Amino acid sequence: LPGLSVLLPAAWSRALLARMSGCRWLLSAKSDAAWTLAGEFVDPGDELQWKIRWKQVELLDVRDLYLITFGRSRAVLAEIECEAPIEMAKDRVIVGMHWGPSISILKVLAVAGLNPALPYRPPAGHILRTRPFYYLFLSLACRYLVKTMHERAVMVGGAGRKLGALLDQPGSVVVVMDGPPMEGHPTFSSPVLNRDAVFNAGFPTILADKRKEYMFYALSLRPDGSLRKKLELQGPFSSDNAQIFLRDYARFLDRHLSTDSAQWRIWHAAGQFWP
């Protein structure tokens, strides 16, 4: 369905996805599972509207990747309203979450000349057997990352050392902090939605040691039904204390989850995030 967007004007493709997201059968198993898990942590409100918004985020993210891949980046960027000048992120770390239709953030930074870097994980082979279309999306996403960032695309695995080196170089480093912690690695905890959530300790420690300035960002679906997006930037901040950084990040994450939980992309991993 998002692939059809390559053949349509951007406004038409948004209208198509908005209409199809209201079909109960579309992505029904995944939206049902996300709704059920979200309900264990927040009050998600109206079930039908929550699921529609969740589907819109999922579909729009894939659609944006397809448009960027097939040379229509300008159409995607034209749909993003920046609440603060993107130049504020120059040579700073911008810290986000698995939130909203946000795959275009790297293109936003690259077009602005901010030389982005990002750690990423290649798709696991078993996904190809069980979810081939999702595997295609992940593979295209990895190609997009490498094409956009070149040598500043950092594959997970020794990423801490590489990230430390990148922080010493000009350019904006993008980090997503709300991924489930890796087994056997040090962790920190901080309250999110009135429960202690567990975070990987590696990046907060590196950031505190480097005393690098950082900002929090969220690229979100707008609430007006247009399937346009807004980019929120908060900061800049600086701290030599990893726990203070994590506390402030947890509050940023908490605020978004509390107000619009349908935009969080990884409800399936909630059991690892809140063990």
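Is Arg63 buried or exposed, and what is its relative accessible area? Arg63 is buried, with a relative accessible area of 0%. This is a predicted model.

**The Arg63 network**

Arg63 meets Asp64 in a salt bridge between their side chains, at 2.8 Å from N to O. Asp64 is buried too, because its relative accessibility is 0% and buried means under 20%. Salt bridges with shared partners link Arg14, Arg63, Asp64, Glu79 and Lys229 into one network.

**A pair within helix H3**

Glu47 bridges to Lys51. These two residues are four apart in helix H3 (residues 47-69), which means about one helical turn separates them. Glu47 is partly exposed at 37% relative accessibility. Lys51 is buried at 13%.

The salt-bridge count comes to 19.

| Salt bridge | N to O distance |
|---|---|
| Glu47 and Lys51 | 2.7 Å |
| Asp64 and Arg63 | 2.8 Å |

**A nonpolar surface patch**

Leu1, Leu4 and Leu7 form a nonpolar patch on the surface. Together they have about 300 Å² of accessible area. Leu7 lies in the segment before helix H1 (10-20). Leu7 counts as exposed because its relative accessibility is 71%, and the cut-off for exposed is over 50%.

Key:
Residues numbered from 1 in each chain as written. Predicted model: local features only at pLDDT ≥ 70, side-chain atom pairs only at ≥ 80, totals over all residues. Heavy atoms only, no water. Patch = residues over 30% accessible without salt bridge, like charges linked within 9 Å, V, L, I, M, F, W, Y side chains within 5 Å. Areas by Shrake-Rupley, 256 points an atom, 1.4 Å probe, with all protein chains shown as cover. Salt bridge = Lys/Arg side-chain N within 4 Å of Asp/Glu carboxyl O. Buried < 20%, exposed > 50% of the residue type's maximum accessible area, 1.4 Å probe, protein only.
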